[in-house]
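Welcome! Please take a look at the model below before reading on.

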Amino acid sequence: MSIYILPILFIVLFVYCIYKRINTYDHFVKGAKGAIKLVVDIFPFIASILVAVALLRVSGITSFLTNLLSPIFNLLGIPPELCELVMLRPFTGSGSYGILESIFNTYGADSYISRCACVIMGCSETIFYVATVYISQTKVKKLLYAIPVALICSLVGTILACLICKVM
Amino acid sequence: MLGSMLVLLITNPSAVLSEMLGASADALKLCIELCAVYAVWMGLIELVDASGLSEKLAKLLRPLIKKIFKIEDKETQKLIAINVSANMLGIGNAATPLGIKAMQALDDKSGKANFAMIMLIVVNATSIQLLPTTVIGLRASAGSANPADIIIPTLIVTFCTTVLGIFLVHQIDKLKRRKEEKKR
């Protein structure tokens, strides 16, 4: 069934645009143009994070941490292969896309691990980044309980994601 | 980063530069893929925007937002509504500028985050997503047979976490108020 979701949505969108007499081609081109600028903006961040992650990996720190945390992860039902993603996700959006990509390459895009990773990406956010950027233009210095609540929700989401991918 | 370099200095000094360059090349490859993914989605999202569908979605969400955030100001409600709907469509980058504006409107200059501000951060952090666009795109280019089959699980999980987030913030707020009343 899920195969049909996207094509149907797209058709509805195009039909609606034609009904509203919007020049679909021009607007599509305009939107697509923004992609280049966006990628140029995020490339430095992706590069830096991937370099840092690569160093962490070859130096063995990652596997050390994974080993350390895997009993906890196992207890929560999270595959230890996802350790890196779960730990980095709250800090960097572009970097976690890099990790997602390497999970795809290592385990295959349709494996259980990859599907879990996808759902985790979908249900969580770069909490620290969002919080920093959002309050950057205000006078707020104390976020009180915002971060802990967000982190708890992310963790619950991760556990749920791993459970749901087992059955769906 | 420094830590791992120090470890490598002892274990495998020749790997440092080659690993860094390799990772950077991977980043470039990923960015080219992302560029293709973004081009398609941003083109489509531009259509959603131009056709007035995003405004409609925002309007639809407004009563709900009024209830969750407990705010009366119409302009702020609209900002939050568009911010949330951009998140729903998986365009976090479009949501950010609106989120910043909404935060400024909510700021009471006390230096502490108030209820609505905390709620906005939590709702953004749990990110209600209808369409995880980038993830689907990347998965398709990694050769998945059915890249969209994660939509429904994502929907279920993201719905649960968002409800949990809203519930927790409301509960903590209630507890805090009770404490303050007791002090008086």
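Here is a short briefing, grouped by topic.

This is a predicted model: local features need pLDDT of at least 70, side-chain atom pairs count only at pLDDT 80 or more, and totals for chains, interfaces and linings use all residues. Residues are numbered from 1 along each chain as its sequence is written, while chains are lettered from A and ligands numbered from 1 in the order in which they are written. Helices are DSSP runs (H or I, at least four residues), numbered from the N terminus.

**Where the two chains meet**

- In total, 76 residues of chain A are in contact with 81 residues of chain B; two residues are in contact if their C-beta atoms, placed from the backbone, lie within 7 Å.
- On chain A, the elements giving two or more residues to the side that touches chain B are helices H1 (2–19), H2, H5, H6 (112–123), H7 (127–135) and H8 (146–167).
- H2(A) provides the largest share of that side, with 21 residues.
- Sorted by class, the side of chain A that touches chain B has 52 nonpolar, 15 polar and nine charged residues.
- In this sorting, Ala, Val, Leu, Ile, Met, Phe, Trp, Tyr, Cys and Pro are nonpolar, Asp, Glu, Lys and Arg are charged, and the others, Gly among them, are polar.

**A helix pair across the chains**

- H2 of chain A (residues 24–58) packs with H2 of chain B (residues 15–50) at an angle of about 155°, and their axes are 5 Å apart.
- Axes here are lines fitted to C-alpha atoms, for helices over the stretch in contact, and angles run from 0 to 180 degrees between N-to-C directions.
- H2(A) is therefore roughly antiparallel to H2(B) (under 35 degrees is roughly parallel, over 145 roughly antiparallel, 65 to 115 roughly perpendicular and the rest oblique).
- The contact of H2(A) with H2(B) has 28 nonpolar, seven polar and four charged residues.

**A helix pair within chain B**

- H3 (residues 53–69) and H4 (residues 74–88) of chain B pack at an angle of about 115°, with their axes 8 Å apart.
- That makes H3(B) roughly perpendicular to H4(B).
- Residues making this contact include B:Leu57, B:Leu61 and B:Ile65 of H3(B), and B:Ile80, B:Ala81 and B:Val84 of H4(B).
- By class, the contact of H3(B) with H4(B) has nine nonpolar, three polar and three charged residues.

**Helix H5 of chain A**

- H5(A) (residues 93–107) has 15 residues and reaches 21 Å from its first C-alpha to its last, close to the 21 Å expected at 1.5 Å a residue; the expected span is 1.5 Å times one less than the number of residues.
- Twelve of the 15 residues of H5(A) are buried, so this helix is largely enclosed by the rest of the structure.
- A residue is buried if 20 or more other C-beta atoms, placed from the backbone, lie within 10 Å of its own, exposed if 12 or fewer, and partly exposed in between.
- Among the buried residues of H5(A) are A:Tyr97, A:Glu101 and A:Phe104.
- Just after H5(A), A:Gly108 takes a positive phi of about 90°.

- A:Arg21, in the loop between H1 and H2 of chain A, has a phi near 55°, a positive value in a residue other than glycine.
- A:Arg21 is exposed, with 7 other C-beta atoms within 10 Å.
- B:Lys70, in the loop between H3 and H4 of chain B, also has a positive phi, near 55°.
- B:Lys70 counts as partly exposed, with 13 C-beta neighbours inside 10 Å.
- B:Thr133 is in helix H7 (residues 133–141) of chain B and is buried, with 22 other C-beta atoms within 10 Å.
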